[in-house]
Amino acid sequence: MADPYQWLDKALNTIHQAHWYRNVTPIESPPGPVVQVAGQSLINFASNDYLGLANDPRLKQAAIQALETWGTGSTGSRLLSGHRPLHQQLEQALATWKRTEAALVFSSGYLANLGTLLALVGPRDLILEDEYNHSSLKRGGQLSGATVITYQHGDAADLQQKLAEHRQDYRRCLMVSDGVFSMDGDVCPLPALLDLAKTYGCMVLIDDAHGTGTLGQAGAGCREYFGWPAGELIQIGTLSKALGSLGGYVAGSARLIDYLRNRAATWIYSTGLSPADTAAALAAVQIIRQDSQRLERLKSNVTYLKKRLDSLSLSLLPSDSPIICIKIPHAQEALQLAQTLKTQGLFAPAIRPPTVPTSRLRLSVMATHSQAHLDQLMEALTQSTAVTG
Ligand SMILES: *Cc1c(COP(=O)(O)O)cnc(C)c1O
């Protein structure tokens, strides 16, 4: 018999030939604005730890104390033996922050998206997705069995046209969008989406993975950024980025959360979030809500870097967030630039197909970057012919 796994070699070869092959690089230090990689100290523009909370003593203390009190694992699904007072406290804090009636935490943002999509729609229903949505939203749409129609990125006119054409052929309709687009940095047109949802009778799900802790006056995300009431909006996010922990959440109406506790398979059949992760996320939400300085620092760093980047003749993607992307025509060139920056002590990843349609250098700004860190990046970019040439 032929080796039934041999196709793996061919598949890997194809990935290599397309220059799409990727691999992991260990970070040999705690998270922060400067990290150690392969013995080299690099200024970090590759982290989702926007507020610098992942190594904050208060989060670590909260996690240690939860570990001492509650042990390492939560030992079961939340509906059986896995539910702790900490989960309830975190869900209450998230709901208050997001201005919703209730919230539910999942083991990851990816699982929160999958579980929610699969619970809300099925084969008789319609999903409308922004073409640049995160993998978890796209996969969730496919797995749900609903008809998925993609609209052009951020384009409410295209969305309206598709609703007008298709809405009446389906039972439920769910509009799905990233809040902040993870590989671009721009924000979805939420007011227009909500307007269309009202006209066409649709539910709306916003994935605020990168907006949580970074957008709006109190860092509550996309809804707060637009000054919109929460209403029935389904707000999903992660505890793993600006909140410095691990896990995901859904925030929304009490009836939505009640329904998900009964129908979201990725929540029902998965072990409850660990005590340490739960406590760290809870501490992060409390810190963000009590102290606006970190968020202000993040925003002023973003403003400063954008202003300096604007003075170079770069092709920047539009951004309203700490994610700033420099367009680079070819994947090879993007990789080369990332490599050059690395030799100069800067960690800024090249993002290329198939993750995104066009190659780019993606910069993530942190509240804990000093002005000297940002200036060092600018100096290196100014010298780089790949960018300015
Ligand atoms: C990171 C991310 C997720 C997944 O969240 P995890 O908690 O890391 O699983 C989902 N959606 C978007 C837009 C993301 O950027």
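I started with cysteine 325 in this predicted model: its sulfur is 17 Å from the closest cysteine sulfur, in cysteine 188, which is too far for a bond. I also looked up its accessibility, and cysteine 325 counts as buried because its relative accessibility is 0%.

Next I took cysteine 222. Its closest cysteine sulfur is also in cysteine 188, at 3.9 Å, again too far for a bond. The cut-off I applied for a disulfide is a pair of cysteine sulfur atoms within 2.5 Å. Cysteine 222 has 1% relative accessibility, so I noted it as buried. My count of disulfides by this rule is zero.

I then turned to the ligand. Which residues come nearest to it? I listed Gly109, Asp207, His210, Thr238 and Lys241, out of 15 residues around the ligand. Helix H4 (residues 109-120) gives the largest share of that shell, with three residues.

I looked up polar atoms next. The side chain of histidine 210 has an N or O atom 2.7 Å from an oxygen atom of the ligand. For serine 240, I found a side-chain N or O atom 3.1 Å from a ligand oxygen atom. Histidine 134 places a polar side-chain atom 3.3 Å from a nitrogen atom of the ligand. On its own the ligand has 380 Å² of accessible area, and the protein covers 85% of it.

Last, I checked the surface. Leu12, Ile15, Trp20 and Tyr21 make a nonpolar patch of about 340 Å². I placed leucine 12 in helix H1 (residues 7-17). With a relative accessible area of 42%, leucine 12 is partly exposed.

Definitions and conventions:
Residues are numbered from 1 along each chain as its sequence is written. This is a predicted model: local features need pLDDT of at least 70, side-chain atom pairs count only at pLDDT 80 or more; totals for chains, interfaces and linings use all residues. Side-chain values use heavy atoms; hydrogens and water are left out. Buried means under 20% relative accessible area, exposed over 50%, partly exposed in between (1.4 Å probe, protein chains only). Patches are made of residues with over 30% relative accessible area and no salt bridge: like charges are joined within 9 Å, nonpolar side chains (Val, Leu, Ile, Met, Phe, Trp, Tyr) within 5 Å. Accessible areas come from the Shrake-Rupley method with a 1.4 Å probe; for residues, only the protein chains shown count as cover. A salt bridge is a side-chain nitrogen of Lys or Arg within 4 Å of a carboxyl oxygen of Asp or Glu. Helices (H or I, at least four residues) and strands (E, at least two) are DSSP runs, numbered from the N terminus. A residue is near a molecule or strand if one of its heavy atoms lies within 4 Å of it. A polar contact is a pair of N or O atoms within 3.5 Å; within protein, one must be able to donate a hydrogen and the other to accept it, and residues adjacent in sequence count only if both atoms are side-chain atoms.
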